[in-house]
Amino acid sequence: MAGAGYSPADLDKIILDMFELKKGGSAAADILPEAEVCKLCDMAKAILQREDNVKAVKTPVIVVGDVHGQFFDLLELFEIGGRPPFHNYLFLGDYVDRGYYSLDCVLLLVALKVRYPD
């Protein structure tokens with residue numbers, strides 16, 4: 001996964017690997033080394049800097065409240081509501097803090113934003 005950014009295939013693999021994480025098993029840090037996490041965050045930063053502060057949201061949309069680092073609840077949400085890009089989601093914030101898997105939550109959501117920016 002070298003180079004300036006990730007290809008769509010690279011992002012698809014990261015996202016699929018994240019969806020395959022199981023309770024008590026590997027964590028996101030096992031999927032992406034720190035340098036790769038930084039690259040993914042840089043790509044997301046570039047996308048977010050280009051976006052307007054207020055974004056039009058395509059309907060239908062599933063509105064999600066606070067995630068609080070509850071990664072396996074997030075995975076369950078995607079299983080029930082359907083996975084992106086086939087379903088639109090609007091996350092209101094509070095992705096991290098209380099849960100043990102805060103990094104996993106953020107990495108999955110950042111990878112999804114980079115792969116499906118709209």
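**Close-up views of a predicted model**

**View A. Contact of helices H4 and H5.** Phe-71, Leu-74, Leu-75 and Phe-78 of H4 meet Asp-104, Cys-105, Leu-108, Leu-109 and Leu-112 of H5. The coordinates shown in this and every other view are those of a predicted model. The two helices pack with their axes 8 Å apart and at an angle of about 35°, and H4 passes H5 in a left-handed crossing. Sorted by class, the residues of this contact comprise eight nonpolar, no polar and one charged.

**View B. Contact of helices H1 and H5.** The axes of H1 and H5 come within 10 Å of each other and cross at roughly 150°. Because angles over 145 degrees count as roughly antiparallel, H1 and H5 are described as roughly antiparallel to each other. The crossing of H1 past H5 is left-handed. From H1, the contact draws on Pro-8, Leu-11, Asp-12, Ile-14, Ile-15, Met-18 and Phe-19, and from H5 on Asp-104, Leu-107, Leu-108, Ala-111, Leu-112, Val-114 and Arg-115. The contact of H1 with H5 has 11 nonpolar, no polar and three charged residues.

**View C. Contact of helices H3 and H5.** Helix H3, residues 34–50, crosses H5 at roughly 50°, and the two axes come within 9 Å. H3 is therefore oblique to H5. Their crossing is left-handed. Val-37, Leu-40, Met-43, Ala-44, Ile-47 and Leu-48 are the contributions of H3, and Leu-107, Val-110, Ala-111, Lys-113 and Val-114 those of H5. By class, 10 residues of this contact are nonpolar, none is polar and one is charged. Leu-107, Ala-111 and Val-114 of H5 take part in this contact and also in the contact with H1.

**View D. Pro-8 in helix H1.** Pro-8 is placed in helix H1, which covers residues 8–19. Its relative accessibility is 47%, so Pro-8 counts as partly exposed. Pro-8 is among the H1 residues in contact with H5. The C-alpha atoms of Pro-8 and Leu-92 are 26 Å apart in space, and the two residues are separated by 84 places in sequence.

**View E. Ile-31 in helix H2.** Ile-31 belongs to helix H2, residues 28–31. Setting aside residues up to four places away in sequence, Ile-31 touches Asp-17, Met-18 and Leu-21. Ile-31 and Asp-104 are 73 residues apart in sequence, and their C-alpha atoms are 9.9 Å apart in space. Asp-104 is one of the H5 residues that meet H4, and Met-18 is one of the H1 residues in contact with H5.

**View F. His-68 in the loop between S1 and H4.** The loop that holds His-68 lies between strand S1 (61–64) and helix H4 (71–81). His-68 is buried, because its relative accessible area is 12%. The side chains of His-68 and Asp-66 are joined by a polar contact of 3.3 Å. Beyond its neighbours within four places in sequence, His-68 is in contact with Asp-94, Tyr-95, Val-96, Asp-97, Arg-98 and Gly-99. Phi of this non-glycine residue, His-68, is positive, near 55°.

**View G. Asp-94 in the loop between S2 and H5.** Asp-94 is found in the loop between S2 and H5. With a relative accessible area of 40%, Asp-94 is partly exposed. Its phi is also positive, near 50°, in a residue other than glycine. Most residues other than glycine have a negative phi. Asp-94 is one of the residues in contact with His-68.

**View H. Ser-102 in helix H5.** Ser-102 is part of helix H5, residues 102–115. Its relative accessibility of 15% means that Ser-102 counts as buried. Not counting residues up to four places away in sequence, Ser-102 touches Gly-69, Val-96 and Asp-97. Val-96 and Asp-97 are also among the contacts of His-68.

View I. The peptide bond from Thr-59 to Pro-60 is cis, with omega near -5°. Pro-60 is located in the loop between H3 and S1. Pro-84 and Pro-85 are likewise joined by a cis peptide bond, for which omega is about 5°. Pro-85 is found in the loop between H4 and strand S2 (88–91). Most peptide bonds are trans.

How values were computed:
Residues are numbered from 1 along each chain as its sequence is written. This is a predicted model: local features need pLDDT of at least 70, side-chain atom pairs count only at pLDDT 80 or more; totals for chains, interfaces and linings use all residues. Side-chain values use heavy atoms; hydrogens and water are left out. Helices (H or I, at least four residues) and strands (E, at least two) are DSSP runs, numbered from the N terminus. Buried means under 20% relative accessible area, exposed over 50%, partly exposed in between (1.4 Å probe, protein chains only). A polar contact is a pair of N or O atoms within 3.5 Å; within protein, one must be able to donate a hydrogen and the other to accept it, and residues adjacent in sequence count only if both atoms are side-chain atoms. Contact means heavy atoms within 4.5 Å. Axes are lines fitted to C-alpha atoms, for helices over the stretch in contact, and angles run from 0 to 180 degrees between N-to-C directions. Angles under 35 degrees count as roughly parallel, over 145 as roughly antiparallel, 65 to 115 as roughly perpendicular and the rest as oblique. A crossing is left-handed if the near helix is turned anticlockwise from the far one by less than a right angle, and right-handed if clockwise. Ala, Val, Leu, Ile, Met, Phe, Trp, Tyr, Cys and Pro count as nonpolar, Asp, Glu, Lys and Arg as charged, and the others, Gly among them, as polar.
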